[in-house]
Amino acid sequence: MIKKKMKKERKHKFIFVVGGVMSGVGKGIASSSIGKILQSKGFVVNPVKVDPYLNVDAGTMNPVEHGEVFVLDSGLETDQDMGNYERFLEMDLGSGDYMTSGMIYKHVIEKERNLGFKGKCVEAIPHVTEEIVKRWRKAADSHSSDISLIEIGGTIGDYQNILFIESARILKIKYPQDVMFIMVSYLPIPGSLGEMKTRPTQNAVRQLNSYGVQPDMIIARGTQSLDSKRKEKIAFACALPVENIISAPDIKSVYDVPLNFEKDKISSVILKTLHMRTKAHNGELEAWKKFVDKRENAKHTLKIAVVGKYFDTGDFMLSDAYVSVIEAVKFSSYWKDARTELTWVNSKDYEVDPKKVQELKNFDGIIVPGGFGESGIEGVIMAIEFARKNKIPYLGLCYGMQLAVIEYCRNVIGWKDAHTAEINPQSTHVVIDIMPEQKKNLEEGKYGASMRLGAYEAMVSLGTVAHKAYKADMVSERHRHRYEVNPKYIDAIEKAGMIFSGKSPNGILMEIAELPVSVHPFFLGTQAHPEFKARPLHPHPLFTAFIEAALKEKKK
Ligand code: GLN
């Protein structure tokens, strides 16, 4: 008998998530939630975010226009959706888990310039698509995952994402049982009609069909639930079983989405489509539910002011520009049984009317988040002075630490013109300065991916507010900045009472600045962005210490 050599079955599965009708309907949250559910069924998942724009990374984009730039441990500057993935899936992602068209094209073109294609004519198909598929596989391998969840940015019908959809189509043709497409679509309810319309979704599916792709599932986003009649209508028009149409109405919080999806039994449809069976029930969703319940049952309330200059474009985008800060505050609050209301305070108002800063008395805590440039900075410094003098808990993030150091040098030490080289390099006291290698980058006009980026370690001194919060001597946090506390002034600043409780392992860079508890209940600034590492089930210790202090002061 001739023994046929059996080809080893490919175990890896791919779920592609695409958007229909319009952007901004929550593909990222839908994908993150699906990932969470699959984790709870015992699978290792790896999320990949595809951004079809030509930027090589998200680092050079204006956050008020495009949302937060989320920094990975590796230092890659990415889209804010990567933050959702890290938070929902409680995992650290790597550079291979994010890709843009710019990144892929740059690589392919450089390869061509180096004769990497051995004289061939280099074309979008197959060379770009092959590179895309190669990267998807590599990302899956790097996490040894069972299922990749690949979110293709943009909307069906966009020109820019076609090559990514084509790459996914090629995979589906090769491995029909291992690849599935989910379309997250939007169902509008026109005010004049008052009823939910399915046509735009049907058209989006047609358009996807014209690329040679049939979705296996449609997630129907809308302000309301999808009724059974419309479910049937979409199912019929798109040639899908009714159970593959998932209703996804607006709900109170994005963290409810995984629990809500499971109500429609989304996981059984996905596993059936991918020819898989639940691996194990590991209680992930139960732990998640505990967190969601915490939020519902919060006993205390807090009012925190977030002071910045960011209001020129209207405040509707702020929640996008500072999403990680907002979420970090939420997580720490919930676990401390509190619900925190954040108020966005425009620091420029204080420059116009200095008396207005008194309004900060009405808050239980003040946060100054990261930022760049001169606009509104004097107003921020006034807010920091107010927090320091009135013993209002203060948390400074990156720029918020640098400006706290400047405020201290000006108003406590008396260096009236103390400043950062970012704004006034001619000042006699440049207490925040640019490091030599950064100076070179700017002189050479190298702005992309050239800041101090990604994870750096810091030594934390025993007996400080930071150490009490972290409960560790060495911590790692993500960075994204060019300027640092000027080593020249460290001794003088410390002598004047400010403590640098976190320093780089070589002792040169100041990572955390704080005031002792004997003079202030909580006054701490960090050069890093701890908000990038806050997770729902693992809130960030610095945010938690800040919230704790705010609660304690409020009770007084
Ligand atoms: N503008 C400051 C710097 O470049 C702070 C940056 C930030 O807050 N992310 O150092």
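Okay, a definition to start: helices here are DSSP runs of H or I with at least four residues, strands are runs of E with at least two, and both are numbered from the N terminus. With that in hand, take Tyr447, which sits in the loop between helix 17 (436-443) and strand 16 (452-460).

Some ground rules, quickly. This is a predicted model, where local features need pLDDT of at least 70 and side-chain atom pairs count only at pLDDT 80 or more, while totals for chains, interfaces and linings use all residues. Residues are numbered from 1 along each chain as its sequence is written, and side-chain values use heavy atoms, with hydrogens and water left out.

Back to Tyr447. If we skip neighbours within four places in sequence, Tyr447 is in contact (heavy atoms within 4.5 Å) with Leu442 and Arg482. Then there's Gly59: 388 residues away from Tyr447 in sequence, yet the two C-alphas are 8.8 Å apart in space.

Two strands pair if DSSP finds at least two bridges between them. By that rule we have an open sheet of three strands, order 14-15-18, with mixed pairing. Strand 14 (419-420) and strand 18 (483-485) are the edges; each has a single partner strand, so one side of each has no neighbour in the sheet. Strand 15 (residues 430-434) and strand 18 run antiparallel, joined by three bridges. One to click on: Ile434, whose bridge partner in strand 18 is Tyr483.

On a 1 Å grid over the protein atoms alone, a cavity is a set of points where a 1.4 Å probe fits but cannot get out; a pocket is an open set with protein on both sides within 12 Å along at least five of seven lines; and lining residues have an atom within 4 Å of a point. Points are joined across faces, edges and corners, and volume is the space filled by probe spheres set on them.

The largest cavity has a volume of about 60 Å³. Strand 16, strand 17 and strand 20 (510-514) each give two or more residues to its lining, and strand 17 gives the largest share, four residues. For classes, Ala, Val, Leu, Ile, Met, Phe, Trp, Tyr, Cys and Pro count as nonpolar, Asp, Glu, Lys and Arg as charged, and the others, Gly among them, as polar. That makes the cavity lining six nonpolar, three polar and two charged.

The second largest pocket holds about 910 Å³ of space. Its lining has 41 residues, with Pro63, Gly370, Gly371, Phe372 and Arg480 nearest the centre. By class, that's 23 nonpolar, 10 polar and eight charged.

Most residues other than glycine have a negative phi, and most peptide bonds are trans. Ser144, in the loop between helix 5 and strand 6 (147-152), has a positive phi near 45°. Lys265, in the loop between helix 9 (257-263) and helix 10 (266-273), has phi near 55°. Buried or exposed, with buried meaning under 20% relative accessible area, exposed over 50% and partly exposed in between (1.4 Å probe, protein chains only)? Ser144 is exposed at 59%, and Lys265 is exposed at 56%. And the peptide bond from Ile125 to Pro126 is cis, omega near 15°, with Pro126 in helix 5 (residues 124-142).
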